[in-house]
Every structure is written in structure tokens, then in C-alpha cells.
Amino acid sequence: MLVSVLNSYATSYNDGEYEYTLSSVGRGVNGSLLIRIKCVVATPNEAVSYASKCAVHGLVFKGAKSENNSPDETPLVEDKELSAKEVKWFDNMFQSDAYSQYIVSVSQSNMKIVKIKKRYSVDVTIAVNKSKLRKALESEGIIKRLGSVFENK
């Protein structure tokens, strides 16, 4: 039973829990990436936190299509089944507010929140520190360090 549960996490960690569209709209300073998130929330009060969580989730597991001529962003975790330790690390990050340490800024001045029936559609641009996120995943052993292919072991 445990094996089938872990297999369901392969590159789609809690995919059904996070529903959003994500696109890359440019680069920010110090390794940050500007991500446009479109999602739906129950209340406007949760718009920023949920969109921020989706931005980090998306960069880790889905990547982002570019809205301009820059290259698409590939997911940081590609085609990898997560171990129980890795699942626990992601659970902790997404269930607490630890994911917020990778958020540089949220463009609240350009945020659009529109009521749709009993929910709210959110469209916002968020700067995510992709370099810091990558380093955290590398230090946890979830992904290999950039350049590790060229190192002698």
C-alpha cells in the first residue's frame, strides 16, 4: 500500500490540491523569476497566500510556459518519484508557511480579483527566488546540483 501512495507523488505532488495556471513573464533581480498565476480561491483574503503557494509548487513540479520570447521554465523536479522523506519535506513546506521564504514580492497593485459565483478568480504576478528554491532542493538531495554531472566522484 505504501508503494502505491508514494508512486502517486511522481512529479505531481498533491497536484489535485493546487489548481492554477502558471506562466513565466520575465526575470527579476538576484535569480528571481516573475511568475503569473491564475487561480480560484474561496475568499479574497487567501488570494496572496494561495497564489504564492501555487507559484512555488508550479516551479518545482510543473514548470512555466513563457508569455514572451524567453525560454520556458522546466520544472525543478522532473520525472522523479519522491521518497517518503522528500514527501514529508514538501508536506512541511506547503502546509506551513515555509514556501513563503522563496517569494520575493507579490504585485498587489496589478492583482485582479473577480467574483465568480461563490468563489474568486485571482490573476497576479509573483517574483519567486528560483535560485534559493533550487539551492534548498539541492541541499535536501531532492535534485542534483547544477554542474554535478561534470564533477568527479
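Contact is defined here as heavy atoms within 4.5 Å. The structure is a predicted model, in which local features need pLDDT of at least 70 and side-chain atom pairs count only at pLDDT 80 or more, while totals for chains, interfaces and linings use all residues. Residues are numbered from 1 along each chain as its sequence is written, and side-chain values use heavy atoms, with hydrogens and water left out.

By the contact criterion, and not counting residues up to four places away in sequence, Val 56 touches Met 93, Phe 94, Tyr 99, Tyr 102, Ile 103, Val 128 and Leu 133.

Aromatic pairs were then examined (rings of Phe, Tyr and Trp, the last by its six-membered ring, with centres within 6.5 Å; planes under 30 degrees apart count as stacked, over 60 as edge-to-face and the rest as tilted). A search of the whole structure finds 4 such pairs. In one of them, Trp 89 and Phe 90 are edge-to-face, at 5.1 Å centre to centre and 80° between the planes. Phe 90 and Phe 94 form a stacked pair, with 6.3 Å between centres and 15° between planes. These two residues are separated by about one helical turn because they are 4 residues apart in helix α3 (residues 84–95); helices are DSSP runs of H or I, at least four residues, and strands are runs of E, at least two, numbered from the N terminus. Trp 89 and Phe 90 are both buried, and Phe 94 is buried as well (under 20% relative accessible area, 1.4 Å probe, protein chains only). Tyr 18, Phe 61, Trp 89, Phe 90 and Phe 94 form one aromatic cluster.

Technical notes
Buried means under 20% relative accessible area, exposed over 50%, partly exposed in between (1.4 Å probe, protein chains only).
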